[in-house]
Amino acid sequence: MNEEKLLSQIDKNTLPMHIAIIMDGNGRWAKTHKKARVYGHIKGVKTVETIVEVAKNIGIRILTIFAFSTENWQRPKDEVDFLLDLICQNTKRYLPNFMKNKIRFKTIGKTEDLPYRLINTLRDAQRKTEKYDEMILNLAINYGGRLDILNATQNIAKQIKNEGMNIKDIDEKTFSKYLYTDPLPDPDLLIRTGKEKRISNFFLWQLSYTELHFSSKMWPNFSAADFYQAIIDFQRRKRRFGRL
Ligand code: IPE
Ligand code: IPE
Ligand code: MG
């Protein structure tokens, strides 16, 4: 079905408030086109641009994109350097666009371990867009679901030890406040491209009642139409949250 037709099927009143995306398949896309993996990442940036634009246009409030996992450091150094540099360059390049479109840029993850230049670029983009509230673009970079939970646990333990926090006060709401995602709500919809049906240490706590959508398209081939289809698919589901 074409883009326009799909778009007309989306109910603007029941949009997922927070969509999270595991963009996967850049390397395999490059391989089928007989190119080096880095070309897949370059092409993948174009998809990010498209999806950010259409998400903003239809009124998605929060878009989280998983860009670099805590496990991705185990790739060859050349690829890691290339990826981090690509994120740095494109954050810089895209900053005027964020400002023009009133997009608030945010990051989650252990950014302090990233290269210095990247830390500065990410910080600059966050600072210059912090007043915008039409859409939050949340970039997960050096992020891991287990890291998130461990980091929260360590910080809560510090509060107990040093600030007299009461163990009884650790409930779901309090715990969530120590996660990287605070104060964002949990995602309503998770999209993973690239055929694999796994979470790969992305949001673990946050996905407890998220609807999952797996696309067999490689990320560079994922289109606005595919994104609309994922939302339509989401809107056809009945979320029960354990109730009847
Ligand atoms: C996703 O594509 C990009 C990142 C993980 C940063 P991949 O690089 O994982 O591509 P495949 O899965 O090898 O095809
Ligand atoms: C998940 O993709 C990480 C990101 C999209 C940043 P991976 O390609 O790293 O996941 P695996 O290795 O297939 O599980
Ligand atoms: Mg992959």
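1. **A word on the model.** Please keep in mind that this is a predicted model.

2. The largest pocket has a volume of about 810 Å³. Its lining is made up of 38 residues, and those closest to the centre of the pocket are M23, N26, F66, A67 and F68. If you want to find your way around by secondary structure, look at α2 (26-32), α3 (37-58), β2 (62-69), α4 (77-100) and β4 (135-143), the elements that each give two or more residues to the lining.

3. Which element gives the largest share of the lining of the largest pocket? That is α4, with eight residues. Sorted by class, the lining holds 18 nonpolar residues, along with 10 polar and 10 charged ones.

4. **Ligand 1, its surroundings.** Ligand 1 sits in the largest pocket. Around ligand 1 you will find M23, D24, G25, N26, G27, R28, R37, H41, A67, N72, R75 and L83. The largest share of this shell comes from α2, which supplies three residues, and both α2 and α3 contribute at least two. By class, the shell around ligand 1 divides into three nonpolar, five polar and four charged residues.

5. For D24, a side-chain N or O atom is 2.7 Å from an oxygen atom of ligand 1. The side chain of R75 also has an N or O atom 2.7 Å from an oxygen of ligand 1, while for R37 the distance is 2.9 Å. On its own, ligand 1 exposes 380 Å², and the protein buries 88% of that area.

6. The residues around ligand 2 are I22, M23, D24, F66, A67, F68, S69, N72, R75, R192, R198 and S200. Here β2 gives the most to the shell, with four residues. The shell around ligand 2 contains five nonpolar, three polar and four charged residues.

7. **Ligand 2, its polar contacts.** Start with S200, where a polar side-chain atom lies 2.6 Å from an oxygen atom of ligand 2. A polar side-chain atom of D24 is 3.1 Å from an oxygen of ligand 2, and a side-chain N or O atom of R192 is 3.5 Å from one. Taken alone, ligand 2 exposes 390 Å², of which the protein buries 77%.

8. Which side chain has a polar atom 3.1 Å from an oxygen atom of ligand 2? It is D24, and the D24 side chain also has an N or O atom 2.7 Å from an oxygen of ligand 1.

9. **A cis peptide bond.** Do take a look at the bond joining D182 and P183, which is a cis peptide bond with omega of about 5°. P183 is placed in the loop between α7 (172-177) and β5 (189-192).

10. **A positive phi.** Where does K34 lie? K34 is in the loop between α2 and α3. Its phi is near 55°, a positive value in a residue other than glycine.

Methods
Residues numbered from 1 in each chain as written. Chains lettered and ligands numbered in written order. Predicted model: local features only at pLDDT ≥ 70, side-chain atom pairs only at ≥ 80, totals over all residues. Heavy atoms only, no water. 1 Å grid on protein atoms, 1.4 Å probe; cavity = no way out; pocket = protein on both sides within 12 Å on 5 of 7 lines; lining within 4 Å. Points joined across faces, edges and corners; volume = space filled by probe spheres on them. Nonpolar A, V, L, I, M, F, W, Y, C, P; charged D, E, K, R; others polar. Near = heavy atom within 4 Å. Polar contact = N/O pair within 3.5 Å; in protein donor to acceptor, adjacent residues only side chain to side chain. Areas by Shrake-Rupley, 256 points an atom, 1.4 Å probe, with all protein chains shown as cover. Sits in = over half its atoms within 2 Å of the grid points.
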